[in-house]
Amino acid sequence: MCMVIFAPIFAICAFATCGGYYGHLQVKVDCADRRQSNLSINIDFGYPFRLQQVHFKAPLCEGKREEVLFLDGDISSAPQFFVTVGVFAFLYSLLATIVYVFYQNKYLKNNRGPLVDFVVTVVFSLMWLVSSCCWAKALHDIKTATNPTQVLLLISACRAQENKCTATQEPFWSRLNTSAIFGFVNVVLWVGNIWFVFKETGWYKTGQRYPTRSASGKRSSEMRQRLYSESSFDQPEESYGPYRQDSFSQSQGEFGQQLQRQASINQSQVSFSLPQTYLGKPVIYERENTVASQGPMIFVNEM
């Protein structure tokens, strides 16, 4: 969504500020004899910055002659590449906007649309990065080639000490500086959009469906399961604790009653198991007047 809104705008700002640039430099040559002075030498240059084709005329200050001079350098490749990337990025952004709005179902069908969009986004991110760096270096070279001091050194009359040469107007670089800034803004925008496009692909969905856990993650999950199992095991004991204690105390009481019953039964068995008596033969005495047999004896008290 961020690419749909901001990418076309920043792409236009990038290639428009670079492609539509027009610079103007003005110098003057004041000869010593005052007859060959030229106080308005205009030097115009612009996109695509083929500076070797920019020419101007300057007085020689020796007779009534003039010389034709050219600026140094051909710095057209970097700005052209930068503008081309901006134009294609703008067109692709418009195409992506139309697809997102009107052909969403076809875009998501068979996962082809997100994969193509992801690859194209990565390619444009790299192209914006390369073109922006090249354009920043080319901009520095343009400023050096059109520096008034460097231009005045090309004029033969300015190399003589008796002549005076100065720059009356210098080019403004704010527009080209803005284009370079917009180039790096597009880099950030397209690189950040890679993540949002990647989320629509099948690779991201596959990773979400089968997530990979690290060793620490597995350990933490095992600890959570253990804590959960322990808490679930302890919770019913706490919730039904009084009932279990009552049942346990009842079972203890029943067990004590059983022990008492067994003890009473043992006591009854012990009480009924009397020692057996032995009835032996009667004792016979050999003496006279003694009872031959001794049985139960009855004693009678005499009155």
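A crossing of two helices is left-handed if the near helix is turned anticlockwise from the far one by less than a right angle. In the predicted model described here, this is the case for helices α2 and α4, whose crossing is left-handed. Helix α2 spans residues 77-102 and helix α4 spans residues 112-145. The two pack at an angle of about 155 degrees, and their axes lie 9 Å apart. Because angles over 145 degrees count as roughly antiparallel, α2 is roughly antiparallel to α4.

On the α2 side, the contact is made by A78, P79, F81, F82, V85, G86, F88, A89, Y92 and Y100. Helix α4 contributes D117, V120, F124, M127, W128, V130, S131, S132, C134, W135 and A138. Sorted by class, the residues in the contact of α2 with α4 comprise 17 nonpolar, three polar and one charged.

These two helices belong to a chain with nine helices and five strands. Read from the N terminus, the order of elements is α-β-β-β-β-α-α-α-α-β-α-α-α-α. The chain has 303 residues, of which 29% are buried. Of the contacts in the chain between residues at least 6 apart in sequence, 68% join residues at least 24 apart.

Strand β2 covers residues 38-46 and strand β3 covers residues 55-59, with P48 in the loop between them. The peptide bond joining Y47 and P48 is cis, with omega of about 10 degrees. F49 is also placed in the loop between β2 and β3. Although F49 is not a glycine, its phi is positive, at about 65 degrees. The relative accessibility of F49 is 0%, so this residue counts as buried, the cut-off for that class being under 20%.

The side chain of R159 makes a polar contact with the side chain of S156, at 3.1 Å. When neighbours within four places in sequence are left aside, R159 is in contact with L153 and L154.

Technical notes. Residues are numbered from 1 along each chain as its sequence is written. This is a predicted model: local features need pLDDT of at least 70, side-chain atom pairs count only at pLDDT 80 or more; totals for chains, interfaces and linings use all residues. Side-chain values use heavy atoms; hydrogens and water are left out. Axes are lines fitted to C-alpha atoms, for helices over the stretch in contact, and angles run from 0 to 180 degrees between N-to-C directions. Helices (H or I, at least four residues) and strands (E, at least two) are DSSP runs, numbered from the N terminus. Angles under 35 degrees count as roughly parallel, over 145 as roughly antiparallel, 65 to 115 as roughly perpendicular and the rest as oblique. Contact means heavy atoms within 4.5 Å. Ala, Val, Leu, Ile, Met, Phe, Trp, Tyr, Cys and Pro count as nonpolar, Asp, Glu, Lys and Arg as charged, and the others, Gly among them, as polar. A polar contact is a pair of N or O atoms within 3.5 Å; within protein, one must be able to donate a hydrogen and the other to accept it, and residues adjacent in sequence count only if both atoms are side-chain atoms. Buried means under 20% relative accessible area, exposed over 50%, partly exposed in between (1.4 Å probe, protein chains only).
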